Amino acid sequence: MAAAGIISFTIRPLQWPQIQRAYVLAQAAMPNLTLEQFEQECTATLNPELREEKEDKEKQDFPGPRQDRNGSTSWRYADSGLARCNFIVATDINDHIRGLCYTRIEEHLTAGRLFDVPIFIVVSLLQEQEIAAKLFDVMRKRALHAQCNYLRVWALRPENWSLLDNDEFRHRWDHGTIFPL
């Protein structure tokens, strides 16, 4: 049982029933993000078959280095076969979402293997710092497990979701705070 004033929370991957609730937090980071765009990305991330279909479509839409999944610079898959994109949520005991992270692994031109966190949002009246610290710790552990050289938490918020797929925008080195691992 949690002490008075302290609310218990859990950090885990986003689940299907949480998508619309997580959208509210994601939209805080990207005001132009539509529910449809967010649901499409969540669906592709949560459903491996749809993720592979989306990757195949991206191969057709974007010629060049994205054509070979195993050797590409695409951030959808890690060399280990693990999903490269992921939504992580911090939820309280009532399953209210108190934090949202969107993560990916990519080969950055300057940093090498980079654990990238374009969205890192915490909303809690009582435990904002505690939840943020725990979310960051989870991100750091995942980055180390994925053998990344750096972890980057973005401060610069893109106007729309499509900029997250823009190589030139992603490879800029001024998006936020860089943590060597």
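Contact here means heavy atoms within 4.5 Å. Helices (H or I, at least four residues) and strands (E, at least two) are DSSP runs, numbered from the N terminus. Axes are lines fitted to C-alpha atoms, for helices over the stretch in contact, and angles run from 0 to 180 degrees between N-to-C directions. On these terms, helix α4 (residues 128–145) lies across β1, β2 (86–92), β3, β4, β5 and β6. Helix α4 runs at about 160° to β4.

The model is predicted: local features need pLDDT of at least 70, side-chain atom pairs count only at pLDDT 80 or more, and totals for chains, interfaces and linings use all residues. Residues are numbered from 1 along each chain as its sequence is written, and side-chain values use heavy atoms, with hydrogens and water left out.

The sheet comes next. Six strands form an open sheet with mixed pairing, in the order β1-β2-β3-β4-β5-β6. Two strands count as paired if DSSP finds at least two bridges between them. The edge strands, β1 (9–13) and β6 (176–180), each pair on one side only. On average, neighbouring strands of this sheet are turned by 20° against each other, direction ignored. Helix α1 (residues 19–29) also packs on the sheet. It touches β3 (97–108) and β4 (112–122), and its direction makes about 65° with that of β3.

Strands of a sheet pair through backbone hydrogen bonds, either parallel or antiparallel. Strand β5 (residues 150–154) is joined to β6 by five bridges, and these two strands run antiparallel. R152 stands opposite I178 in β6. Four bridges join β4 to β5, and this pair runs parallel. V117 has V153 in β5 as its bridge partner. From β4 the chain crosses through α4 to β5 in a right-handed β-α-β crossover. Right-handed means that, with the strands pointing away from the viewer, the path from the first strand over the helix to the second runs clockwise. Four of the five residues of β5 are buried, so β5 is largely enclosed by the rest of the structure.

Salt bridges were searched across the whole structure, and 10 were found. A salt bridge is a side-chain nitrogen of Lys or Arg within 4 Å of a carboxyl oxygen of Asp or Glu. One of them joins the side chains of D95 and R21 (3.4 Å, N to O). D95 lies in the loop between β2 and β3 and R21 in helix α1, so the pair ties together parts that are 74 residues apart in sequence. D95 is partly exposed, at 25% relative accessibility. R21 is also partly exposed, at 33%.

Other salt bridges involve buried side chains. R104 is buried, with a relative accessible area of 0%. E106 is likewise buried, at 0% relative accessibility. The side chains of R104 and E106 meet in a salt bridge (3.7 Å, N to O). E106 also forms a salt bridge with R170, with the closest N and O atoms 2.9 Å apart. E106 lies in strand β3 and R170 in helix α5 (residues 167–170), so this pair ties together parts that are 64 residues apart in sequence. R170 is buried, with a relative accessible area of 0%. Salt bridges link R104, E106, D116, R152, D167 and R170 in a network.

How values were computed
Buried < 20%, exposed > 50% of the residue type's maximum accessible area, 1.4 Å probe, protein only.
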